[in-house]
Amino acid sequence: MSFFDAIKNIDRRIIFLFIALSVIIPLLARIEFTERAGPIVKNIFDKVESLPAGSRVLLSLDYGPSTVPEIQPMVNALVRHCNEKQLKIYFMCLWATGQNLTTITIDSVQAKEFPEKVYGVDYVNLGYKAGNEGLINVIITDMKKMYTTDVHGTDINKLEIMKPVRNLTSFDLIVGLGGGTPGIKEWILFAGDPGGIPVAGGCTAVQAPLLYPYWPNQLLGLMGGIKGAAEYESELIKHYPKYKSQSHPGINMMGPQAIAHIVIMVFIIIGNITFFIERSREKKGKLG
Amino acid sequence: MHISANIMVWFGAFLTLSILSFLYKDNVFYKFAEHLFVGVSAAYWMVIGIWGTLFPNLIAKIYPGGVRFVLPSLADRPPEYYYIIPAILGILLLMRLSRKLGWISRWPLAFIVGTTAGFNLVRYLRSDFIGQVRNTLIPLIVIKDGSFNFIGSFSNTVIIVGVLCGLIYFFFSKEHKGAFGVASRIGIWILMITFGAGFGYTVMARISLLVGRMQFLMGDWLGIINR
């Protein structure tokens, strides 16, 4: 068997092995690259940075465990930033799986890193409600119609943070952090556009190309995949250097990401070269 | 190296490796993890639906006293009896489970289809049609701070040419010949570049998930790396 035949008939498991190694080795070697926020991500950071203390930010965590590696770094960075700016954070989710992830975020970031913040005064977990875009359609006119209690079953009217909130227009910024439908698109269509509320987003890389057309008129900014998360983290570290010593998974993941991409590109190039060589051989064979 | 002593981390690692083992070939560990996932997901959605929506948004509205032991903060609210209508529609939807009465479920389904279509028609028309047309109405020559901005002008030109040529490619009432054919071919290139960008982003997403799992296995489980 010639070299080209061997390459052409390569077992897909060998490719899997190469991809695995391209991720494992950079993780062990701690390969990191310098990240710099592009205008689409920087817009979100600048908006949060410009909000006066006490402004209300709605974080909608619309994702599940399968997209945690991509979305969670964005959520953590945003929660840290909002707390640094003394903003009021309202957690909610359009995905049932988002409820547990919200609890994890609150336990591991909000309550752990900002113990001085009081639940029900500085932040609240509204939890999950069924209805997808229908839910947004209701809460754009009356928030308390759907949210009678918070996630712990406390009457919404007894929470200090909920007193000034009537509907979605009561928020200064909505950030949809999602891995699919319903997600950022629904926030744009059912809240941002009809209510004139600034909507920003953080999404999986798969979703990003579908959402870029909404920027900048309908979408304030977008964190697309782990690259978007890394850019936001880099901007946070730039403005708040104390976060340099803390975990920044977005930036950490970009090292293995870049190496794996190079390996994939090499395989694509090899695949194309073998394809053209094979075609040229077939042509020669026909002529011969 | 600091191997985790948490049994849940070990179980998570076992499930991760079970799923990844499918890359080699189908096996009993993969099947076990897959079935466990389906079962747990179904139960999770049901529990969340009951405690997150059914109790606070329906039962507590119709009969607040009935939720005294689970949601005491809502027990003293005045009842809102018009919630009986969605409750009836919900019960009618469950008629699908009966062969004889299954046809009744079409009524609430028709209500859902009708309202969803109505809501979406307006919102999509406004945001996805008018909004997107407006996003394309941009100047070809961008002047920034009193001077010509090349990057801005180039970006806007790419957007406008890309949209027009992409639309021309899908215009089949005229033969794609001459200048129209050239625009159509540019449209194909634009589409191919878009698909390429989409593929690139998909690769990034999948690698991110792999990195996430490897970080879990090598960090949380084996303790080889710090997270």
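What you see is a predicted model.

I will start with the interface. The area buried between chain B and chain A comes to about 4,700 Å², and carbon and sulfur atoms give 60% of that area. On the chain B side, the residues that lose the most area to chain A are Arg123(B), Tyr201(B) and Met204(B). Together these three account for 13% of what that side buries. Counting residues in the contact, chain A puts in 60 and chain B puts in 48.

Now the polar part. Between chain B and chain A there are 23 residue pairs in polar contact, both residues at pLDDT 80 or more. Three helices of chain B, namely H2 (28-62), H4 (106-136) and H6 (178-221), each supply at least two residues of the side that touches chain A. H6(B) gives the most to that side, with 18 residues. Sorted by class, the side of chain B that touches chain A has 25 nonpolar, 16 polar and seven charged residues.

How many salt bridges cross the interface of chain B and chain A? The rule finds two. In a salt bridge between the two chains, the side chain of Asp128(B) meets that of Lys185(A), at 2.9 Å from N to O.

Next is helix H8 of chain A, residues 184-195. This helix is mostly covered, with nine of its twelve residues buried. Among the buried ones are Ile184(A), Trp187(A), Ile188(A), Leu189(A) and Phe190(A). The buried set also includes Glu186(A) and Asp193(A). After H8(A) comes Gly196(A), with a positive phi, near 65 degrees.

Glu235(A) sits in helix H10 of chain A, residues 225-239. Is Glu235(A) buried or exposed? Its relative accessible area is 4%, so Glu235(A) is buried, the cut-off being under 20%. Leaving aside residues up to four places away in sequence, Glu235(A) touches Ala37(A), Lys42(A) and Phe45(A).

The other residue is Ala110(B), in helix H4 of chain B. Ala110(B) counts as partly exposed because its relative accessibility is 49%, and exposed would need over 50%. Ala110(B) and Met1(B) are 109 residues apart along the chain, and their C-alpha atoms are separated by 59 Å.

Conventions
Residues are numbered from 1 along each chain as its sequence is written. Chains are lettered from A and ligands numbered from 1 in the order in which they are written. This is a predicted model: local features need pLDDT of at least 70, side-chain atom pairs count only at pLDDT 80 or more; totals for chains, interfaces and linings use all residues. Side-chain values use heavy atoms; hydrogens and water are left out. Buried means under 20% relative accessible area, exposed over 50%, partly exposed in between (1.4 Å probe, protein chains only). Helices (H or I, at least four residues) and strands (E, at least two) are DSSP runs, numbered from the N terminus. Contact means heavy atoms within 4.5 Å. Buried area is the accessible area (1.4 Å probe) that two parts lose on being put together, summed over both. A salt bridge is a side-chain nitrogen of Lys or Arg within 4 Å of a carboxyl oxygen of Asp or Glu. A polar contact is a pair of N or O atoms within 3.5 Å; within protein, one must be able to donate a hydrogen and the other to accept it, and residues adjacent in sequence count only if both atoms are side-chain atoms. Ala, Val, Leu, Ile, Met, Phe, Trp, Tyr, Cys and Pro count as nonpolar, Asp, Glu, Lys and Arg as charged, and the others, Gly among them, as polar.
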